[in-house]
Protein chains: 4
Amino acid sequence: MADLQGVLDEIAAEMSERRDRGAVASYIPQLARVDPARFGIAVALVDGRVLTAGDAEESFSIQSVSKVFTLTLALGKVGDALWRRVGREPSGNPFNSIVQLEHEGGVPRNPFINPGAIVVADILLAGHQPREAIGEILRFMRFLADDDSIVIDHQVAASERATGFRNSALANYMKSFGNLDHSPELALGVYFHHCAIAMNCRQLALAGRFLADRGRSAGGHTVVSAERARRISALMLTCGHYDGSGDFAFRVGIPAKSGVGGGILGAVPGVGSVAVWSPGLNAHGNSQLGTLALENLARAMNWSVFGA
Amino acid sequence: MADLQGVLDEIAAEMSERRDRGAVASYIPQLARVDPARFGIAVALVDGRVLTAGDAEESFSIQSVSKVFTLTLALGKVGDALWRRVGREPSGNPFNSIVQLEHEGGVPRNPFINPGAIVVADILLAGHQPREAIGEILRFMRFLADDDSIVIDHQVAASERATGFRNSALANYMKSFGNLDHSPELALGVYFHHCAIAMNCRQLALAGRFLADRGRSAGGHTVVSAERARRISALMLTCGHYDGSGDFAFRVGIPAKSGVGGGILGAVPGVGSVAVWSPGLNAHGNSQLGTLALENLARAMNWSVFGA
Amino acid sequence: MADLQGVLDEIAAEMSERRDRGAVASYIPQLARVDPARFGIAVALVDGRVLTAGDAEESFSIQSVSKVFTLTLALGKVGDALWRRVGREPSGNPFNSIVQLEHEGGVPRNPFINPGAIVVADILLAGHQPREAIGEILRFMRFLADDDSIVIDHQVAASERATGFRNSALANYMKSFGNLDHSPELALGVYFHHCAIAMNCRQLALAGRFLADRGRSAGGHTVVSAERARRISALMLTCGHYDGSGDFAFRVGIPAKSGVGGGILGAVPGVGSVAVWSPGLNAHGNSQLGTLALENLARAMNWSVFGA
Amino acid sequence: MADLQGVLDEIAAEMSERRDRGAVASYIPQLARVDPARFGIAVALVDGRVLTAGDAEESFSIQSVSKVFTLTLALGKVGDALWRRVGREPSGNPFNSIVQLEHEGGVPRNPFINPGAIVVADILLAGHQPREAIGEILRFMRFLADDDSIVIDHQVAASERATGFRNSALANYMKSFGNLDHSPELALGVYFHHCAIAMNCRQLALAGRFLADRGRSAGGHTVVSAERARRISALMLTCGHYDGSGDFAFRVGIPAKSGVGGGILGAVPGVGSVAVWSPGLNAHGNSQLGTLALENLARAMNWSVFGA
């Protein structure tokens with residue numbers, strides 16, 4: 001393996017100098033005021049080492065990166081029955097498109113676009129009060145990262161809810177097709193809270209390590225089977241960056257999931273997980289420099305899953 | 001490595017017994033009359049060995065599998081300028097959808113859906129008569145497979161043209177947006193001919209081996225750079241099975257491209273290429289048993305790119 | 001003029017015998033339990049006469065017919081500024097489609113599809129509490145029909161709200177585009193209540209008479225200008241029957257607006273208004289026998305606006 | 001009746017001064033070089049009088065106005081069976097949209113959008129050579145206008161064909177759904193030729209007079225039944241101006257059909273027909289000043305079908 005720490009340091013140094021940082025999400029004040037100059041990266045190797053560079057200890061809103069974890073939890077609950085309510089195809093549309101729902105009877109294309117994640121949240125509600133479901137998700141994150149300091153930013157959750165009319169439209173629309181068991185408000189409550197989890201790159205890389213290690217968590221626990229880890233990774237590769245997923249696979253080649261807070265979590269099978277954060281977004285709503293950093297990292301380390 | 005020959009034999013044996021073989025394409029007589037009981041598989045390893053099972057020496061119409069090779073040729077001609085005329089995102093639509101073209105100004109989503117491949121054919125026409133462009137493609141296939149017996153089935157090409165009104169609609173539509181340099185008839189002529197190339201599994205696996213071997217062909221020639229081989233593989237994974245691409249990645253996890261003749265070509269990075277053929281198709285127009293065979297093969301050999 | 005009373009009697013008699021009555025709306029119990037055998041018709045002539053046949057004195061839920069009246073009120077409030085928030089083109093889609101909203105930035109095609117009427121309700125809320133806005137609409141109906149016995153069926157309104165997830169989706173979606181001034185809940189509250197107004201054919205014909213009489217109400221008051229009456233009638237003709245509007249214009253040729261309760265209100269310029277009610281609906285959600293009755297009436301009386 | 005000649009003169013005078021004339025169609029040179037300053041208007045009353053103003057004797061390319069006449073001919077040939085292959089709903093889309101065809105199985109929404117008119121041309125080909133079908137259409141126009149000097153501009157037809165890739169896409173697309181009996185080339189040949197008919201306002205008003213006079217032509221012949229005249233008029237009102245039809249009905253209120261050459265033919269039931277021509281087009285592809293002229297005429301003469 002090349003000098004990974006050196007590569008990370010070089011990437012962090014290069015990213016700190018870039019001017020083309022994209023635009024920070026501005027739809028809620030908590031995201032809008034994040035400093036666009038931030039950049040952090042962390043790698044959690046399957047051998048147990050964790051390497052970081054830049055602002056890897058600074059918390060950010062993981063937003064849609066959380067969808068990887070709620071999907072994992074929901075698959076644990078209902079197994080492949082989940083796929084009767086959510087597809088697993090790339091959407092070919094932005095993250096919040098409602099058109100596809102109309103054409104396809106209220107079944108979202110995949111669990112990583114908003115409506116898909118809202119159905120997953122609805123599944124996690126089964127037999128629970130919203131507070132319990134949210135608590136279960138948070139405990140799962142703490143367990144995976146082996147870090148009890150991870151919290152939900154309730155101000156972010158409240159802001160999301162106050163402005164989340166499009167998500168509310170998506171939830172109500174699916175409810176009208178019978179694809180939510182609970183009320184749109186309850187499912188959205190869970191959804192907005194798990195999107196508001198705050199983590200730093202180190203924590204996020206640790207939490208996602210099981211995807212790269214045949215389902216084993218950083219703490220050595222079996223979280224999912226090796227096959228399920230592969231399958232979740234496949235979904236991340238084909239669907240993890242909304243309508244920029246194809247381009248991300250083409251350029252980077254690492255299964256990864258992005259969030260509008262500027263975070264991206266990637267998993268290199270058998271090697272380790274990587275979390276990167278830079279708040280400025282590209283036209284598809286994915287971290288501009290985070291994508292570039294992963295592209296450079298994959299090239300330097302030959303980490304593309306398509307590489308020989 | 002597990003006993004690959006044994007695995008292939010077992011898969012061929014199992015597939016010969018399956019009843020759920022899908023439906024053979026019926027839109028032209030040459031495809032409609034193919035025996036649905038056929039099944040062949042071939043693997044071309046990067047160490048030079050070629051292993052086969054079933055009807056691996058029987059020729060079939062490679063159809064859309066040819067799009068991998070015309071894309072490779074066109075990238076060699078115009079490089080990344082190609083991406084100004086074709087996208088690289090999954091389409092979220094069937095192979096011959098025209099809706100996306102209207103919404104996106106005549107630019108096809110990716111080079112593996114029909115309109116994308118017609119643009120690629122148009123690129124290959126530059127400076128050529130159609131006959132020359134078709135000849136160049138055929139020579140490329142022979143060169144890659146190191147086999148001069150590969151031919152075009154002109155009856156298939158003629159039938160495709162006689163019934164290809166939807167492809168003609170797509171070509172004319174893109175022409176109306178200025179995204180074809182030549183007449184729709186000329187571009188379609190090239191397209192219908194390369195789809196009519198006839199090959200057997202052994203030949204197809206050999207021809208596609210460069211994708212698994214950092215761009216080096218079966219004969220040891222550098223066909224493309226390692227990076228380009230990775231990128232073409234990424235496109236195959238995200239876009240190679242039309243609107244069933246996500247499901248294929250989820251179940252199989254091997255970059256692959258299917259054709260309506262029932263063939264699928266896959267590339268396992270650093271390991272080898274695999275060609276499989278079974279004429280019956282599933283609901284997405286991909287080989288029903290070919291997909292299942294690759295799923296079993298990937299599981300048995302741990303060949304998913306998402307595996308640790 | 002032919003013997004109008006005789007024509008109405010004949011139509012009512014014929015309709016009572018028809019078996020092809022369509023299907024009663026079943027999405028809320030209050031509509032589902034309406035007797036499909038009902039048929040009523042009433043004509044309010046500009047000369048002051050009112051003629052009826054069948055169950056013309058039986059109240060039904062006017063549902064979307066109310067949109068004609070809320071549009072009239074809203075135009076009185078904000079004039080042509082209304083058209084900055086709602087289009088006036090046929091939708092080419094079902095009444096509750098959300099696709100067009102996505103393509104057209106949250107601006108509904110016309111005021112007679114659900115999202116358009118929700119924007120109109122939002123306009124009527126300006127400066128008002130919901131209760132006041134609803135009261136204003138009800139008073140307007142009573143004034144137009146000169147009948148204080150008209151009421152809102154609050155059970156219907158409550159049922160609509162409890163099951164109205166698709167309308168909630170539409171409202172939230174428009175809110176996300178900034179095309180609602182008030183909260184989706186408030187606008188929907190007004191919308192569900194005006195759809196729940198209960199009237200009989202006699203009352204409805206009287207209420208709509210101003211459209212046929214250059215803007216003058218049954219009571220002799222000027223409700224709108226002659227030009228505005230023409231324009232509202234034009235909208236009824238092109239948009240009054242959702243994606244069955246073209247067919248209705250082709251067969252009947254009278255500007256008219258239908259509701260899912262089985263009512264239709266038509267306006268024959270210079271002649272009079274007509275209200276018909278039969279609860280069974282056709283595939284487009286318009287009254288099956290109501291449409292047929294109006295077709296027969298228009299033919300018998302030469303009331304098509306396209307007739308010489 | 002108000003002083004019609006005076007009204008026409010006033011309109012022509014006002015239109016000659018307007019600066020906001022829209023943009024002349026530029027997709028073929030024959031249309032692009034038409035002088036945008038032209039304006040003509042003619043009215044053919046059912047009492048036999050013909051009144052004109054402006055450039056009413058100057059020929060222009062009637063383009064899509066011809067679709068009214070080919071529809072009339074095709075209905076005479078196959079009657080209501082035509083509606084099995086073409087709908088009669090407003091399209092809610094531009095004149096050359098292909099999206100709706102995909103969603104609706106190759107059946108165009110109405111006979112006045114391009115794909116609908118191409119199906120109509122296909123119907124007129126039954127049992128004919130293209131030359132004969134084109135000749136029949138031309139003879140029909142001459143018969144209606146009682147004027148043998150009407151011709152087809154073959155240069156226009158040739159230019160349309162040379163650049164008509166989108167229409168070719170539409171025709172091939174419908175052929176792929178089985179909704180053309182003849183080859184796309186043949187149907188397009190008929191279509192391009194009838195769109196290339198050249199007429200002046202006087203001729204066009206005379207040719208369309210049967211629509212306003214219960215089916216009787218200017219020469220006193222019964223062309224269609226009164227009911228069919230009503231129904232064709234209804235289609236003109238709901239579908240005659242592409243996705244600007246609703247707005248035209250709202251503002252003008254006269255059943256009318258526009259063409260990209262700047263002509264519009266309207267029919268006022270029981271009164272007469274009106275042809276107007278001004279080459280500059282608005283955003284929907286309809287004559288900018290032609291629409292305004294008809295709006296002014298309808299208001300001055302109270303000719304809206306929605307007027308009392």
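Predicted model: local features only at pLDDT ≥ 70, side-chain atom pairs only at ≥ 80, totals over all residues.
Reader: What is the order of the strands in the open sheet of chain C?
Author: The sheet has five strands, with antiparallel pairing. The twist averages 10° from one strand to the next. The order is E3-E2-E9-E8-E7.

Reader: Which strands of chain C stand at the edges?
Author: An edge strand here has a single partner strand, so one side of it is left without a neighbour in the sheet. That holds for strand E3 (50-54) and strand E7 (256-258).

Reader: At what angle does H14(C) run to E9(C)?
Author: H14(C) lies across strand E2 (40-45), E8 and strand E9 (272-277) of chain C. Its angle to E9(C) is about 145°.

Reader: How many salt bridges are there between chain C and chain D?
Author: In the interface, 37 residues of chain C contact 37 residues of chain D. One of the salt bridges joins the side chains of C:Arg231 and D:Glu295, at 3.7 Å, N to O, and the cut-off is 4 Å. The count is six.

Reader: Which helix gives the most to the side of chain C that touches chain D?
Author: Helix H12 (226-239), helix H13 (245-251) and helix H14 (288-301) of chain C each supply at least two residues. The top contribution is eight residues, from H12(C).

Reader: How much area do chain C and chain D bury between them?
Author: Carbon and sulfur atoms carry 60% of it. The buried area is about 3,100 Å².

Note on methods: Residues numbered from 1 in each chain as written. Chains lettered and ligands numbered in written order. Heavy atoms only, no water. Contact = heavy atoms within 4.5 Å. Buried area = accessible area lost by both parts, 1.4 Å probe. Helix = DSSP H or I, 4+ residues; strand = E, 2+ residues; numbered from the N terminus. Pairing = 2+ DSSP bridges. Axes fitted to C-alpha atoms, helices over the stretch in contact; angles between N-to-C directions.
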